[in-house]
Amino acid sequence: MKIGIICHPTYGGSGAIATELGKALAAKGHTVHFFSQSVPFRLGTFSKNIFYHEVELKHYPLFECSFYSLALASKIAEVAYYENLDVVHAHYAIPHALSAMLARQMLDDKCSHSKCFKIATTLHGTDITVVGADRGMQDVVRLAINKSDGVTSVSEYLKDETVRMFSPKKDITVISNFVDTSFFFRSPKQEIREQLGIGDEKVVIHISNFRPVKCIGDIIRIFYAISRKINATLLLVGDGPERSEAEILVRELGIADRVRFLGKLEVIVPLLSIADLMLMPSNAESFGLAALEAMACGVPVVATLAGGFPEFIVPGVHGYLLAPGDIEGMTEKALLLLTDYGHWLDCSEASILQAKHFETASLVEQYEEYYTRLLEEG
Ligand code: GMT
């Protein structure tokens with residue numbers, strides 16, 4: 001198939017999944033064309049069957065802002081026409097699905113209907129739970145959902161939320177997030193500990209884009225409570241709007257020497273490999289890809305009983321799930337895992353096995369079948 005993939009290039013789960021999907025499809029012989037504002041953060045080097053089309057923003061003196069959605073639509077139309085794309089897969093409802101829709105309308109006069117591409121849209125989370133929850137944006141999100149030929153969501157939770165909020169006209173198919181366990185596996189290296197100045201203390205990790213939904217303040221308070229009981233280091237990977245507040249809190253609590261802000265790192269397996277615990281106290285999370293990737297590397301997770309976490313984290317088996325905001329509860333479970341090595345080992349091994357149920361190969365197959373179904377629908 002010839003597949004177009006539209007994604008956000010920024011540090012975040014939807015861009016990661018879109019890019020990993022595109023790379024896996026290309027490895028299976030499909031031709032994949034990525035559309036984004038800049039090179040998606042996990043794309044890395046280019047390979048056979050992968051093409052990247054940068055959407056360039058044009059600045060005209062009359063307009064105060066640039067029209068990304070229109071520039072994207074024009075780019076999709078151009079590539080779809082010359083490359084005969086079969087499917088355009090929008091990751092994140094708006095503006096991506098709408099730009100794909102517009103591109104198809106642009107092509108209406110140019111090519112026969114049978115030559116026009118199908119639009120598959122994958123809902124990732126904040127497109128529904130944050131943007132979609134904004135009443136001023138609801139109609140445009142509904143349009144993006146209803147005008148796509150097919151819609152998938154990354155968890156049952158997100159499907160239910162979408163149905164509750166938008167009563168979509170078509171069925172939503174759940175195709176969950178995935179992880180490549182031949183790449184994400186535990187391989188601890190002493191030199192990584194040394195480079196980070198970590199001795200034999202426990203390592204707690206969090207990876208995200210530091211948005212309010214991630215509750216970075218809760219992570220720091222949980223870690224503060226942990227560090228009063230045991231010797232530990234907190235690795236914070238990523239960056240975003242909550243970073244400054246987080247740094248201030250760390251200094252106020254007097255734990256700056258135990259917390260490392262590592263910024264937006266692309267190579268995370270070496271860090272996950274030395275981690276003993278992943279903290280994800282988000283107050284909403286449609287899936288939580290970073291938690292699944294941690295589990296693949298044998299890192300148990302303490303997260304919230306919210307969103308998609310219960311779909312892959314079984315409390316007491318792969319970590320623990322507590323109510324959002326329950327700092328005391330999360331601290332207690334974190335300490336349990338960090339101090340009881342036998343229990344930690346059981347959870348670590350079970351997490352590795354659990355991640356294998358979300359193996360890239362089988363989920364990518366589900367996407368291929370999904371595209372085929374859309375194309376067969378005519
Ligand atoms: O919030 C993020 O971390 C980024 C966001 C995105 O837009 O990329 O992630 C969403 O999509 C991921 C991939 O499907 C999911 O694993 C995340 O749970 C989801 N984030 C939220 O729902 C807050």
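Colleague: Which residues is T331 in contact with, leaving aside its neighbours within four places in sequence?
Modeller: In this predicted model, T331 is found in helix α12, which covers residues 327–339. With a relative accessible area of 8%, T331 is buried, the cut-off for that word being under 20%. Once neighbours within four places in sequence are set aside, the contacts of T331 are I222, A225 and I226.

Colleague: And S227, is that residue buried or exposed?
Modeller: S227 lies in helix α8, residues 216–227, and, neighbours within four places in sequence aside, S227 is in contact with I255 and R258. Its relative accessible area is 12%, and since the limit is under 20%, S227 counts as buried.

Colleague: How is the protein divided into domains, and how far apart do the C-alpha centres of domain 1 and domain 2 lie?
Modeller: Domain 1 is made of two stretches, 2–178 and 359–376, while domain 2 covers 190–358. The distance between the C-alpha centres of domain 1 and domain 2 is 30 Å.

Colleague: What area is buried between domain 1 and domain 2?
Modeller: The size of an interface is often given as the accessible area lost when the parts come together. Here 21 residues of domain 1 are in contact with 23 residues of domain 2. Carbon and sulfur atoms give 56% of the area buried between the two domains, and that area is about 1600 Å².

Colleague: Which residues form a salt bridge with the closest N and O atoms 2.9 Å apart?
Modeller: Side chains of opposite charge can pair when their charged atoms come close. The rule asks for a nitrogen and a carboxyl oxygen within 4 Å, and a separation of 2.9 Å between the closest N and O atoms meets it for R42 and E293.

Colleague: Across the interface of domain 1 and domain 2, how many residue pairs are in polar contact?
Modeller: The rule finds one salt bridge across this interface. For polar contacts, counted with both residues at pLDDT 80 or more, the number of residue pairs found is eight. On the side of domain 1 that touches domain 2, at least two residues each are supplied by α1 (13–27), α6 (156–166) and α14 (360–376).

Colleague: Is R42 itself buried or exposed?
Modeller: R42 has a relative accessible area of 14%, whereas K23, at 28% relative accessibility, counts as partly exposed. Because buried means under 20%, R42 is buried.

Colleague: Where do D139 and R142 lie?
Modeller: D139 forms a salt bridge with R142, the closest N and O atoms being 2.8 Å apart. D139 counts as exposed at 58% relative accessibility, and R142 as partly exposed at 28%. The two are three residues apart, about one turn of the helix, and both lie in helix α5, residues 138–146.

Colleague: Which peptide bond is cis, and where is its proline found?
Modeller: The bond from I94 to P95 has omega near 0° and is cis. P95 is found in helix α3.

Colleague: What is the phi of Y92 near?
Modeller: Y92 has its place in the loop between β4 (87–91) and α3, and with a relative accessible area of 11% Y92 is buried. Its phi is positive in a residue other than glycine, near 95°.

Conventions. Residues numbered from 1 in each chain as written. Predicted model: local features only at pLDDT ≥ 70, side-chain atom pairs only at ≥ 80, totals over all residues. Heavy atoms only, no water. Domains from an automatic or database assignment. Contact = heavy atoms within 4.5 Å. Buried area = accessible area lost by both parts, 1.4 Å probe. Salt bridge = Lys/Arg side-chain N within 4 Å of Asp/Glu carboxyl O. Polar contact = N/O pair within 3.5 Å; in protein donor to acceptor, adjacent residues only side chain to side chain. Helix = DSSP H or I, 4+ residues; strand = E, 2+ residues; numbered from the N terminus. Buried < 20%, exposed > 50% of the residue type's maximum accessible area, 1.4 Å probe, protein only.
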